[in-house]
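Subject: Handover of a structure for your review

Dear colleague,

Please find below the structure that I am handing over to you. My findings follow directly after it, and I would be grateful if you would read them alongside the coordinates.

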Amino acid sequence: MVDVVVLALGEGTECACDNGACGTRTPILACRDALRTASAEVRTMVAHTDAEIDEALRSDARIIVATAADAQLRAVMRRLVRMHAPAASKRPDDLPGDRTIPDLPPIGILPLGPDATDLATRLGLPREPAAVAAAVLGGRTRRLDLLRNDGGSVTLDGALIGGVDAGGSARTFLARVEVDDAVLADGTEPVLMSVIANASRYATVDGLPLVSAPSADDGVLDVAVALPRASRRLFRQPRVEIEVRRAHGRAVAVTPRVDVPFVDDGVEGSLTRKRSWWMEHSAWAVYIP
């Protein structure tokens with residue numbers, strides 16, 4: 001008999017929702033019933049703290065994460081990485097050269113909201129509770145890339161740095177952006193926004209194409225920097241055009257000269273110092289039909 005835990009996140013966890021409870025119980029109960037109909041042993045859990053997430057993840061059961069926002073899935077993966085990441089002094093000899101963590105156990109994703117632009121949809125995963133249950137019980141998986149950062153967190157889809165200020169107005173900033181050995185911005189030029197993409201969430205921002213066909217399983221991260229340029233025209237007012245610089249690689253470092261707002265997998269924050277992201281190729285996995 002297959003043992004399954006359906007995990008939902010509540011108030012107190014890293015969550016982009018305003019109501020804390022995030023979503024409704026209907027999809028969770030429908031998924032639970034579909035699992036039980038297939039003779040699985042099912043438990044439902046609501047985690048309000050990191051410690052409660054850890055308790056669910058320590059189980060030998062197959063995990064289904066019920067998510068109303070990508071930020072919730074990110075919160076679970078952050079704890080999963082912390083649980084399985086070895087200390088530098090205990091790095092296994094058989095760990096691939098492009099990895100700092102072993103293969104993480106697969107998880108199922110149960111979308112709770114109607115948002116057809118979430119990560120589950122972008123990955124082509126099922127949204128209906130019965131289909132999610134069937135995929136988890138079927139046991140087929142797809143391995144995906146994961147980005148870790150030196151702030152102790154992870155990125156599943158992507159991060160957007162800058163773009164607009166707290167008041168919603170476009171504003172430039174100064175930052176050095178390096179991808180492996182390539183320098184996209186040297187810290188002296190005004191930058192409108194920078195994108196770090198593992199998948200396609202920030203491939204296009206406000207109609208501006210930034211990264212081309214990012215893939216969640218190709219082993220490289222895609223980075224773009226958008227810079228405003230004044231185009232002088234004879235007898236006319238200068239026109240602002242946008243120059244986009246792109247690069248691919250395994251790691252990126254962003255060093256802001258001032259505090260810059262950013263969004264990472266839907267979680268808002270302020271970038272106040274140098275932050276580095278690096279690629280963990282095929283580190284995590286999802287159940288697929």
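The accessible surface of the protein amounts to about 13500 Å², and carbon and sulfur atoms account for 50% of that surface. Please bear in mind that this is a predicted model.

Overall architecture

The protein contains 5 helices and 18 strands. Its radius of gyration is 20 Å, close to the 19 Å that the globule rule gives for 289 residues, so the protein is as compact as a globular protein of that length. Taken along the principal axes, the box filled by the C-alpha atoms is roughly 75 × 45 × 30 Å. Of the 289 residues, 47% are buried. When contacts between residues at least 6 apart in sequence are considered, 69% of them join residues at least 24 apart.

Nonpolar cores

The largest nonpolar core has 34 residues, of which Leu73, Met77, Leu104, Leu146 and Trp284 touch the most other members. Two or more residues each are given to this core by strands E1 (3-9), E3 (62-67), E4 (107-111), E5 (141-149) and E18 (275-287), and by helices H2 (50-57), H3 (70-84) and H4 (119-122). Helix H3 provides the largest share, with 6 residues. Apart from this core lies another one of 23 residues, which includes Leu147, Ala185, Val191 and Met279.

Leaving out residues up to four places away in sequence, Leu146 touches Val81, Ile101, Leu104, Val154, Thr155, Leu156, Asn198, Trp278, Met279, Glu280, Ala283 and Trp284.

Individual positions

Asp157 is located in the loop between strand E6 (154-155) and strand E7 (158-162). With a relative accessibility of 1%, against a limit of 20% for burial, Asp157 counts as buried. Beyond its neighbours within four places in sequence, the residues in contact with Asp157 are Asp70, Leu119, Arg122, Ile196, Ala197, Asn198, Ala199, Ser200, Arg201 and Asp265.

His248 belongs to strand E14 (residues 236-249). This residue is exposed, at 55% relative accessible area. Neighbours within four places in sequence aside, His248 is in contact with Val179, Asp180, Leu221 and Asp222. Between His248 and Val183 there are 65 residues of separation in sequence and 11 Å in space, C-alpha to C-alpha.

Pro102 sits in the loop between H3 and E4. Its relative accessible area is 28%, and Pro102 is therefore partly exposed. Not counting residues up to four places away in sequence, Pro102 touches His84, Pro86, Leu95 and Ala283. The C-alpha atoms of Pro102 and Arg78 are 14 Å apart, and the two residues are 24 apart in sequence.

Gly124 is in the loop between H4 and helix H5 (129-138). Gly124 is exposed, with a relative accessible area of 57%. Although 165 residues separate Gly124 from Pro289 in sequence, their C-alpha atoms are 9.9 Å apart in space.

Yours sincerely

Note on methods. Residues numbered from 1 in each chain as written. Predicted model: local features only at pLDDT ≥ 70, side-chain atom pairs only at ≥ 80, totals over all residues. Heavy atoms only, no water. Core = buried A, V, L, I, M, F, W, Y, C linked by side-chain atoms within 4.5 Å. Buried < 20%, exposed > 50% of the residue type's maximum accessible area, 1.4 Å probe, protein only. Helix = DSSP H or I, 4+ residues; strand = E, 2+ residues; numbered from the N terminus. Contact = heavy atoms within 4.5 Å. Rg over C-alpha atoms; globule rule 2.2 N^0.38 Å. Areas by Shrake-Rupley, 256 points an atom, 1.4 Å probe, with all protein chains shown as cover.
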